[in-house]
Structure formats: C-alpha cells, structure tokens
Amino acid sequence: MDATLGVLVRAALLRAAALCYYLLFGSLGDVVLVTALFLWTRGSLVFNFLEDNYTDDFLQASLVITVALTYLRFRVQYHSRSVEPPTSTQNWLGKPLLFPCRTTHTRFFPKKHSFAYSYLLVGIPVGWTGVAGGMISSGGNDADIKGWYHVDASDYLERGSGGLGLRGKLDAYLKSQGVDASRYPYAYLATAAKFLGYHFNPVSFWYLYSAEKSLVAIILEVNNTFDERRMYFLTADDDAGGLIEGSENDAVVGDTRTQTGGPSSKPLRRTWPKDFHVSPFNSRKGAYTLAAHDPLLRNTEGRGPINNTINLISSKNHAKLAALIFSEGDAIDPMEMTVLQKFKFLASWWWVGFVTFPRILKEATLLFFRRKLHVWYRPEPLKTSIGRHADRTESQLEPLFRRYLRHLVEQSPIPLVVQYVPSGLPDAPSEIMTSALAEKDHNLAEKMEFKVLTPAFYSRFVCYAHDFEAIFSELNENNTIWVSKPELLPKLVIKKEPPPLLQTSSYLDYGYSTAIKKLRRRPERIERPLTSSQSGSTHSQEDIRGFRISAMDGYVIAHEDSKARRVYRDSVLRLFIADRIAMGNVDILQLENWIFRLLLAWIAIP
C-alpha cells in the first residue's frame with residue numbers, strides 16, 4: 001500500500017514539474033506536441049465523441065464541398081497555365097525552350113570511373129518574363145500563376161535581389177567584373193529550372209551575344225553541394241594568360257560532339273585556373289577547359305542543340321575528368337505543344353530534377369567505397385566565390401555584428417571608410433561605414449574593404465573575448481573573412497581602455513551575461529587536412545585567461561534595445577550550450593531539446 005502510494009506521489013510530482021515547465025517556458029510547439037500525444041494515447045475518446053455528435057450526412061456534405069472546391073481550383077489553374085508570353089517591343093534573341101539532354105562524366109585518374117544520365121535544361125531569353133504555354137515561366141511575384149518549370153531571378157548570380165530581374169542581375173554582375181554590359185545586348189540562359197518549387201542546379205550557362213548576335217562570351221554559374229557558388233566570366237577574346245599548354249588537354253577538349261553548320265559552328269573555347277571546391281574527390285588546384293557551342297546557332301529563334309564540354313586538368317597538366325552535357329534531339333517549343341504532348345513530357349521528365357542530388361550521392365559512394373578515392377575536405381570559399389546561406393543563428397547575429405562594426409568605425413581614431421560586405425543573407429546589402437574624422441575630410445580618409453567569406457564567421461566571432469584576436473585569427477588562420485588593407489585593422493579593433501565591467505539594468509540580463517561569460521571559449525581552428533588519408537592536429541591548448549565580458553557583449557548591453565539584447569543572448573547561449581553538449585551543432589541541440597520536451601509531454605499526460 002505504501003509503495004503504491006509512493007509511486008502515485010512521484011508520478012504526481014513529475015506531472016506537476018512538467019506543467020510548471022509549460023507554464024513558464026511553454027510554446028506553441030509544446031501545445032502541438034502534447035495534443036498529438038493525447039490523441040495517440042486517448043484518441044478513441046475523441047473519435048467516439050465525434051461519432052456520437054456528428055451524422056454521416058454532415059461528413060458526406062463536407063466531402064462534396066471539398067471535392068467541388070478542389071475541382072474549381074484545378075480548372076482555374078489549368079486555364080491560367082495557358083497564358084501566352086507577354087508581347088514586348090524588346091527584340092529577344094531566342095525564345096523559351098525545353099532542352100532534353102544527357103550528361104556524362106568520365107574520370108581518367110587516379111581511378112577510371114564514368115556514368116551518364118538524363119538531364120533537362122530550360123532555356124529562356126534573359127530579360128523575358130511571362131508564361132510560355134503553361135510549361136515555362138520567368139518573373140512575376142509569388143501570387144502569380146507560374147509554369148511547371150519556373151526561373152526565379154533571385155536564384156541566380158549574386159544571391160537575392162530578385163526584383164532586378166535576370167537582365168538587371170546580369171548587368172550588375174558584369175559591372176562588378178569591370179565589364180560594360182552594353183557590349184552584350186543579348187543573352188540566353190540555359191539552366192535547371194524549378195519544378196514544383198524545387199531544383200538542384202549544379203551549373204547554369206549564360207550565353208552572351210554581341211549586337212551582331214554572335215556568341216562572344218559565356219558565364220558559367222557553378223554551384224556545389226555545400227550551397228556555395230562561383231561564377232566564371234569567359235570571353236572569346238580573352239588573353240591567353242590563364243591558358244595551359246599541352247596536347248593532352250587539347251585531345252580531351254576535342255572529344256566534344258561535332259556540330260554542323262559552317263564556320264560559325266566553331267565552339268567557344270577557354271581555359272582558366274580552378275579555384276572553387278566542387279567535388280570532394282578533387283582538390284582546388286588545376287584548371288578547367290570549356291568548349292561551348294551556340295544553342296541558337298541554327299536560327300535566332302533558338303532551335304539549336306545544347307553541346308558543352310568541361311574538362312578538369314590536374315595541377316600536373318594531366319587530363320583528369322571530362323563532363324559533357326548535350327541535347328538528345330531538338331529543343332521543344334512549349335507554345336507549339338498540345339495538351340497531350342505536355343502530359344507525356346511531364347510524365348517522362350518530372351522526376352529528373354528530384355534525382356539529380358541522389359545520383360550525385362550514389363556516384364560519390366561508389367568512388368569512395370569501390371574506387372577507394374581519398375576525400376578532399378571542403379576549404380572555406382575564396383573571395384571570388386559566394387558562401388553558403390546563413391543558418392538561423394547566423395542570420396540573427398549578422399545585423400548585430402553589422403551595427404557593432406559600424407560603431408567601431410565611427411569610434412576609430414583615424415579618418416577611416418570601411419566597405420562592409422556580408423555573407424549568407426540574400427538581400428543584406430553591403431554598406432559604407434565612415435568614421436567621425438572621415439566625415440570632416442573624405443580626402444584624407446583611409447579606405448578598406450571588409451568582406452565576410454562565409455556566414456560561419458558570425459557565429460565564430462562571438463566566441464572570442466577580444467576583437468583583435470578574433471579578427472586576426474579569422475583572417476589569417478581560418479580564412480572566414482577578407483580585408484583589403486589588414487594594416488588598418490589595429491586602428492579599428494584595438495582599444496585604449498579594457499572591456500567594461502558587467503553592468504546590466506536587470507537581474508535577468510545579469511544572469512544571461514554571466515552565463516555567456518562563463519561558457520565562452522575560443523573556437524577551434526578551422527584545420528582542413530588535405531585528404532581523408534591524413535588527419536589534422538587534435539591538440540588544443542586550454543585558455544586559462546580570465547575574461548570580463550567581450551567588447552561586443554558590452555556594446556549590445558549598452559547600445560541595443562531589449563529586443564536586440566534578447567536575440568543576441570539567446571543566439572550566443574544557444575551556440576555555447578551546443579558547443580558543450582551537442583558537438584557544436586545547434587541542430588543537434590534542438591533535437592535534444594525536442595526529445596526532452598517529448599519526455600515531459602509523456603509525463604504530463606495522465
């Protein structure tokens with residue numbers, strides 16, 4: 001009897017503790033979780049209540065209404081998908097087309113390996129917006145009905161800025177390369193477009209044409225599986241400074257499929273240094289060669305085939321890999337397709353985009369386990385590349401770091417102008433920051449560019465207690481930032497006074513700040529071994545320095561409002577706790593949190 005009573009008392013205390021947690025820290029997610037568990041364990045009570053109080057007639061009427069509304073929605077969307085492309089006075093080069101293709105990859109050394117699979121490219125004139133035959137669309141807003149294959153300007157070139165459109169983004173990119181965009185009045189984009197809102201796009205081809213409608217340049221927009229991006233601007237009249245000599249290379253490039261049509265069928269050929277990490281089975285050294293044929297060659301309305309070859313040349317000038325993508329048959333004009341042809345095409349090609357990434361994983365598995373190739377660990381991107389998207393924590397820390405950097409610049413003891421370039425946030429603009437002394441005389445101001453190469457910098461910066469140590473470690477050791485004039489950094493981050501003592505306006509802020517100070521520790525150095533056969537140094541020195549709060553902690557407490565302080569302390573604490581109990585991974589910490597909540601919900605339900 002006493003033992004049974006003790007068990008009941010302990011169960012009641014556990015439920016009371018769980019309920020107290022929900023009252024103090026509960027969220028909508030907890031409500032959903034508890035409700036789901038209640039329906040799972042006590043669902044029969046709910047279903048019996050519905051069965052006793054609601055008749056079959058009501059359920060039948062609800063079913064009829066749902067089917068009718070679904071049918072009407074389908075009819076509206078079907079007719080909307082038959083929209084013609086908008087008329088325009090612009091003389092486009094080419095028109096929206098579907099290019100059924102095939103891609104092949106052949107690796108020559110250190111182990112031979114090859115594969116081939118189907119691939120679908122969508123081609124559109126750059127600057128065109130509208131819907132072509134319900135199959136291809138470009139431009140518009142989220143509320144507009146789109147084609148099955150949609151090209152969204154925000155997904156291309158520099159991240160975000162979709163409002164500029166493809167032509168506006170192309171002009172902005174060319175300007176950033178010091179090129180006059182008017183030299184290329186016509187452009188045509190061949191890409192893996194979104195299907196049902198999803199796409200995985202390893203490479204897009206931007207064909208640039210002169211006023212005479214001749215192919216004179218091409219932009220390769222390359223994306224790796226780590227969500228990083230690199231654009232290569234290649235012109236037909238480049239100097240040969242980046243070329244690599246060697247008959248072996250020429251033999252591989254000449255392996256492309258020939259195209260008839262006279263002298264103008266000669267492909268655009270370029271060679272340039274490799275500086276972007278694409279495959280984990282190749283280093284960042286070596287060079288690429290390209291042979292690209294004009295997809296609009298047969299006529300200016302675009303009925304020519306896709307026919308491109310990219311070769312990888314090793315740093316020792318050996319042909320290492322050849323990748324080809326070429327059309328299988330003529331391009332398809334969606335405006336000339338019947339309803340039956342559209343149905344057959346979608347039935348044959350809808351799945352291709354979804355399996356591109358799984359196919360890459362399959363071949364990588366074969367290379368690693370069967371061919372026994374070493375893996376080259378991903379290095380941080382270079383200045384010429386675009387870093388991955390920021391995660392939630394990094395997105396929250398970037399605006400705070402931006403304001404803190406602006407504060408440092410304004411307090412600089414020298415006339416200083418800093419151009420800050422963020423990373424990972426699609427629509428976060430770069431910013432010119434000016435010191436108080438530079439405001440008085442711009443002519444005397446020193447100018448410096450501060451570019452963040454990867455959003456990992458934001459989560460790493462808050463781990464340091466000293467700005468000087470943070471900036472120079474991330475610049476020289478970890479390569480997460482790039483600075484045009486490093487010699488000016490001491491004038492920006494070295495302060496004459498020590499960090500302030502911890503002074504807060506509430507006990508809550510004091511508690512959070514103390515926890516941050518106690519949990520803070522210097523982040524591990526980003527050390528990338530060359531391959532999986534090598535290992536980096538596992539030796540780490542314990543930091544025995546006693547710290548006050550960091551300078552950024554002090555800035556947030558003294559200058560930011562309560563909402564920004566809450567965002568900062570929650571983000572930093574989440575990072576620091578994950579570093580202690582979740583292998584430094586915030587996602588693992590969230591999983592542990594949900595498991596804890598699930599246990600509480602299980603306890604709370606009698």
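How many residues lie between β1 and β2 in the hairpin they form? Here are some notes on that and other points.

1. The hairpin. There are five residues between β1 and β2. The two strands, β1 at residues 97-107 and β2 at residues 113-125, are antiparallel and share eleven bridges. If you want a place to start looking, R107 has H113 in β2 as its bridge partner.

2. The other partner of β1. Strand β14 (residues 319-327) also pairs with β1, again in the antiparallel sense, through seven bridges. Within this pairing, T106 is bridged to A322 in β14. Strand β1 is mostly covered, with eight of its eleven residues buried.

3. Confidence. Please keep in mind that this is a predicted model. The mean pLDDT of the protein chain is 80, and 72% of the residues reach at least 70. Strand β6 (residues 186-191) has the highest confidence, at 96, while helix α5 (residues 247-253) has the lowest, with a mean of 36. Two stretches deserve a careful eye. Residues 75-89 have pLDDT below 50, and the model gives this stretch 23 contacts beyond near neighbours in sequence. Residues 238-263 are also below 50, with 44 such contacts. Where pLDDT is low, the predicted coordinates should not be read in detail.

4. A four-stranded sheet. The strand order in this open sheet is β3-β4-β5-β7, and the pairing is mixed. The edges are taken by β3 (130-132) and β7 (194-195); each has a single partner strand, so one side of each lacks a neighbour in the sheet. Strands β4 (residues 136-138) and β5 (residues 149-151) run parallel and are joined by three bridges. Across from I136 you will find Y149 in β5.

5. A helix pair. Helices α13 (residues 507-519) and α15 (residues 562-581) pack with their axes 10 Å apart, at an angle of about 35°. Their crossing is left-handed. On the α13 side, the contact is made by L508, D509, Y512, A515, I516, K518 and L519; on the α15 side, by R565, R569, V572, L573, F576, I577 and R580. By type, these residues are nine nonpolar and five charged, with no polar ones.

6. A loop serine. S210 sits in the loop that links β8 (203-209) to β9 (215-223). Is S210 buried or exposed? Its relative accessibility is 11%, so S210 counts as buried. Apart from neighbours within four places in sequence, S210 touches R183, P185, Y186 and V216.

Terms used
Residues numbered from 1 in each chain as written. Predicted model: local features only at pLDDT ≥ 70, side-chain atom pairs only at ≥ 80, totals over all residues. Heavy atoms only, no water. Axes fitted to C-alpha atoms, helices over the stretch in contact; angles between N-to-C directions. Left-handed = near helix turned anticlockwise from the far one by under 90°. Contact = heavy atoms within 4.5 Å. Nonpolar A, V, L, I, M, F, W, Y, C, P; charged D, E, K, R; others polar. Buried < 20%, exposed > 50% of the residue type's maximum accessible area, 1.4 Å probe, protein only. pLDDT = per-residue confidence, 0-100. Pairing = 2+ DSSP bridges.
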